[in-house]
Amino acid sequence: MRILLVEDDADLAQFIRKGLKEEHYVVDVAADGEAGLALALDNSYDLMILDIMLPKLDGLTLCRRVRDQGISTPVLLLTARNTLETKVSGFDTGADQFMPKPFAFAELLARIRALLRRGNSQQIAHLQAADLRLDPASHRVWRAGQEISLTNKEYALLEFLLRNKNRVLTRTAIIEHVWDISYDPMTNIVDAHIRALRAKIDRDFSPPLIATVRGAGYMLEEPEASA
């Protein structure tokens, strides 16, 4: 799941980003509202976390402009001004939830999970293809009933493939959703992680699920049920 964080406090932004990456989220960070708006319009996110007090473009205006463009991504506003007027203004711009500062990271994480469940019903269900099963809540994976240990990036890659099973995904699309904006699209990092993932979920099982679509990318293919 890919999150946009717009926060001008560098220490707080780094703290949130580090914590979310440890929870298997991909996080893009912007330090002002204009940079955040550019990222929001150019990329697809599962959630946006916006500070209200931002330089260049405040969080309320940023949220309003995102909604004006027809983007319905859930928005969580961070605010040091936990007043009724602030909340009313935020909801009027299209925000989904508020988080008053200061906050405990565990509560932020709970609010994020709630918003992601609301935005994507698949978040609360197991993802499955053939005998491969992934539990988004616990970040556990099984194949043929055998639990498989994955690294953070292998897990994120597999989750993205499962959420888009039977669809061809380009290397660029995979990088955008599983890594972050700092990665060069020409890198072979996707191919390396696909090889590692295949070694764990395909090599000792049948049928193989991850297919290479020559000249296009990769696809996690759901086998047709036997007649």
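Modeller: In this predicted model, the axes of helix α6 (residues 152-163) and helix α7 (residues 171-178) come within 10 Å and cross at roughly 120°. Angles of 65 to 115 degrees would count as roughly perpendicular and those over 145 as roughly antiparallel, and α6 and α7 are therefore oblique to each other. The crossing of these two helices is right-handed. On the α6 side the contact is made by K153, A156, L157 and F160, while α7 brings A173, I174, H177 and V178 to meet them.

In soluble globular proteins, nonpolar side chains tend to be buried together. Here the largest nonpolar core has 29 residues, and L158, I174 and L220 are the members that touch the most others within it. Two or more residues each are given to this core by β6 (127-129), β7 (132-135), α6, α7, α8 (189-201) and β11 (217-220), with α6 supplying the largest share, seven residues. Leaving aside residues up to four places away in sequence, L158 touches L132, L134, V141, L150, L197, I201 and L220.

Among the contacts in the chain with a separation of 6 or more, 59% are between residues 24 or more positions apart.

Methods. Residues numbered from 1 in each chain as written. Predicted model: local features only at pLDDT ≥ 70, side-chain atom pairs only at ≥ 80, totals over all residues. Heavy atoms only, no water. Axes fitted to C-alpha atoms, helices over the stretch in contact; angles between N-to-C directions. Helix = DSSP H or I, 4+ residues; strand = E, 2+ residues; numbered from the N terminus. Parallel < 35°, antiparallel > 145°, perpendicular 65-115°, else oblique. Left-handed = near helix turned anticlockwise from the far one by under 90°. Contact = heavy atoms within 4.5 Å. Core = buried A, V, L, I, M, F, W, Y, C linked by side-chain atoms within 4.5 Å. Buried < 20%, exposed > 50% of the residue type's maximum accessible area, 1.4 Å probe, protein only.
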